[in-house]
Amino acid sequence: SDLLHAGTPRSQLQSHQQQLLCRAASAMARTSLLPVALLATACLLALRWAASPAVFVPVPTEPAALRGGAAASTAAAVVAAGAPLAASAADELLAYNMAGEWTSTFVQGYFVLTLGYTAIAFFSYLVLTKLKII
């Protein structure tokens, strides 16, 4: 920098550099004001939305409709209609693989997957070392 400003005293260069730094710092402070303002606005809108009464479901005005009447008789009719089907339902034991017991399918799957993924990793390592990537 001494070669570029051979006729300029060192103190003038330092003051010029300080002015440039001050300008850059003020420009950075101005640019960071916009994201902070946007974040504050988003937070205020979220708080306003959370505090509004439209967010929550209103309390039902007719509690008697929940306790009986046509709804209770309809539910009783549905239960009564399904009773013969429930009485004749077959109680079969389903072959569920993930119930905790060791089955042959589980053991075969374990070895097939672990050996397969080990082979993929080994051959990938061979290719990468042959190409001198690792």
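The structure is a predicted model, in which local features need a pLDDT of at least 70 and side-chain atom pairs count only at pLDDT 80 or more, whereas totals for chains, interfaces and linings use all residues. Residues are numbered from 1 along each chain as its sequence is written, and side-chain values use heavy atoms, with hydrogens and water left out. The pLDDT, which is the predictor's confidence in each residue on a scale from 0 to 100, averages 77 over the protein chain, and 66% of the residues score at least 70. Confidence is lowest in helix H3 (residues 64–67), with a mean of 55, and highest in H5, with a mean of 95.

Helices (H or I, at least four residues) and strands (E, at least two) are taken as DSSP runs and numbered from the N terminus. On this basis the protein chain contains five helices and zero strands, and its pattern along the sequence reads α-α-α-α-α. The expected span of a helix is 1.5 Å times one less than its number of residues. Helix H2 (residues 33–51) has 19 residues and reaches 27 Å from its first C-alpha to its last, which is close to the 27 Å expected. Helix H5 has 27 residues, and its reach of 39 Å between the first and last C-alpha is likewise close to the expected 39 Å.

Exposure was judged by relative accessible area, with buried meaning under 20%, exposed over 50% and partly exposed in between (1.4 Å probe, protein chains only). Buried residues make up 1% of the 134 residues in the protein chain. In H2 the number of buried residues is zero out of 19, so this helix lies largely in the open. Accessible areas come from the Shrake-Rupley method with a 1.4 Å probe, and for residues only the protein chains shown count as cover. The accessible surface of the protein chain comes to about 12,400 Å², of which 71% belongs to carbon and sulfur atoms.

Rings of Phe, Tyr and Trp (its six-membered ring) were paired if their centres lie within 6.5 Å, and planes under 30 degrees apart count as stacked, over 60 as edge-to-face and the rest as tilted. By this rule there are three aromatic pairs. One of them joins tryptophan 102 and phenylalanine 106 edge-to-face, at 4.9 Å centre to centre and with 85° between the planes. Tryptophan 102 is exposed, at 68% relative accessible area, while phenylalanine 106 is partly exposed, at 33%. Tyrosine 110 and phenylalanine 111 also form an edge-to-face pair, because their ring centres are 5.2 Å apart and their planes stand at 80°. Tyrosine 110 is partly exposed at 47%, and phenylalanine 111 is partly exposed at 46%.

Leucine 128 is found in helix H5 (residues 104–130) and is partly exposed, with a relative accessible area of 30%. Just after H5, lysine 132 takes a positive phi of about 60°, although lysine 132 is not a glycine. Most residues other than glycine have a negative phi. Lysine 132 is exposed, at 72% relative accessibility.
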